[in-house]
Amino acid sequence: MSTLTIPPVIPTAREDAKNLHKAFKGLGCDSGTIINILAHRDSQQVELITQEYDNKYSDVLRKRLSSELHGDFKRAVCLWVREPAARDANVLKRALRATVTDFKAATDVICSRTPAQLRQLKQVYLINCGARLEHDIESATYGDHKKVPRMEPQDRKPRSLLLGYVNTTRYEGPEIDKILVEDDAKAINKGRDNSFFIRIFTERSKAHMSALISTYKSMFGKPLEHAIKKETSGNLMYGLLTILRFVENPAIHFAKLLRKAMKGFGTDDSTLIWIIVTRAEVDMRYIKAAYINKYGKTLNEAVHSETSGYYRTFLLALLGPNC
């Protein structure tokens with residue numbers, strides 16, 4: 001005879017807001033309560049909790065968390081309590097306005113988003129960051145170059161790639177033009193300049209690019225990425241390969257980025273935080289599967305060994321079961 005399993009009752013936003021308010025009282029704060037509430041709510045629930053807290057206690061939850069928490073734990077929680085597009089905007093702002101632009105982080109965020117998501121991201125970026133996303137991309141330099149008023153030639157191509165990807169309205173449906181796919185494959189195989197690669201990779205749909213990958217391989221017996229590595233270099237090559245990998249299997253790409261962030265001496269906590277926080281509600285189960293398949297250990301185990309304290313507890317809560 002089977003027994004009826006009663007699902008756990010999730011507290012209301014009002015109850016969560018009340019418990020968060022209690023967690024801030026006294027000397028210090030109750031970090032465990034903060035994790036137990038926020039790490040186990042999705043973005044919509046967190047937004048309702050934030051609204052309830054701000055209205056009821058004449059306080060701003062995000063600012064209160066920022067003042068009460070510290071270090072990487074603070075960075076992770078404060079990024080998590082933003083809505084998804086605002087998380088992306090925050091990561092991009094840090095990447096593009098750094099003394100030396102983090103082109104790879106900017107590329108990984110922008111090129112993993114659909115055209116619809118990018119449209120929303122641009123709106124949120126303007127509101128939250130006080131500038132158009134395109135402006136900050138144009139103002140940034142890429143590679144080991146500090147910001148200067150004049151863009152060096154080697155910086156212009158990566159910039160053009162991101163601007164093109166952000167501004168181009170790509171078709172999002174499944175239909176493709178097989179003749180156009182074959183024409184693109186032939187043109188790439190002949191060897192073309194960087195501008196051609198930028199145009200193809202920013203204007204073609206995901207379905208077209210997927211067909212291009214298989215068509216190029218069947219026509220010329222080698223992966224499309226070989227042509228990219230032969231004809232381009234540096235940050236432009238990274239950008240083109242990133243677009244390619246997001247078409248093929250974004251989970252594997254993120255698994256590799258996470259592995260790199262935790263490999264060797266020290267941990268790249270910025271990368272660890274933005275990937276786990278921004279992908280937790282998107283495709284984390286696939287990233288976890290890709291990670292264990294490729295590296296022979298779970299992502300949870302890797303994060304556990306590279307982090308500590310409440311920071312570790314929070315990230316592991318976002319990752320979910322150790323599998």
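The lining of the second largest pocket divides into 11 nonpolar, five polar and seven charged residues. Here Ala, Val, Leu, Ile, Met, Phe, Trp, Tyr, Cys and Pro count as nonpolar, Asp, Glu, Lys and Arg as charged, and the others, Gly among them, as polar. This is a predicted model, in which local features need pLDDT of at least 70 and side-chain atom pairs count only at pLDDT 80 or more, while totals for chains, interfaces and linings use all residues. Residues are numbered from 1 along each chain as its sequence is written, and side-chain values use heavy atoms, with hydrogens and water left out.

**Second largest pocket**
- About 380 Å³ of space lies in this pocket; a volume is the space filled by probe spheres set on grid points, which are joined across faces, edges and corners.
- Of its 23 lining residues, R113, T114, P115, Y165 and K206 lie nearest the centre.
- A pocket is an open set of points on a 1 Å grid over the protein atoms alone, where a 1.4 Å probe fits, with protein on both sides within 12 Å along at least five of seven lines; lining residues have an atom within 4 Å of a point.
- Helices α8, α13 (206–220) and α15 each supply at least two residues of the lining; helices are DSSP runs (H or I, at least four residues), numbered from the N terminus.

**Largest pocket**
- The largest pocket holds about 910 Å³ of space.
- It is lined by 31 residues, and D102, A105, S270, T271 and W274 are the closest to its centre.
- Helix α6 gives the most to this lining, with seven residues.
- The lining divides into 13 nonpolar, six polar and 12 charged residues.

**Helices α5 and α20**
- The axes of α5 (residues 71–80) and α20 (residues 309–319) come within 8 Å and cross at roughly 35 degrees; axes are lines fitted to C-alpha atoms over the stretch in contact, and angles run from 0 to 180 degrees between N-to-C directions.
- D72, F73, A76, V77 and W80 of α5 meet Y310, Y311, F314, L315 and L318 of α20, where contact means heavy atoms within 4.5 Å.
- These contact residues divide into nine nonpolar, no polar and one charged.

- Y311, F314, L315, A317, L318 and L319 are the buried residues of α20, buried meaning under 20% relative accessible area (1.4 Å probe, protein chains only).
- Their cover includes α2 (31–38), α5, α17, α18 (284–295) and α19 (299–306).
- Just after α20, G320 takes a positive phi of about 85 degrees.

Methods:
Buried means under 20% relative accessible area, exposed over 50%, partly exposed in between (1.4 Å probe, protein chains only).
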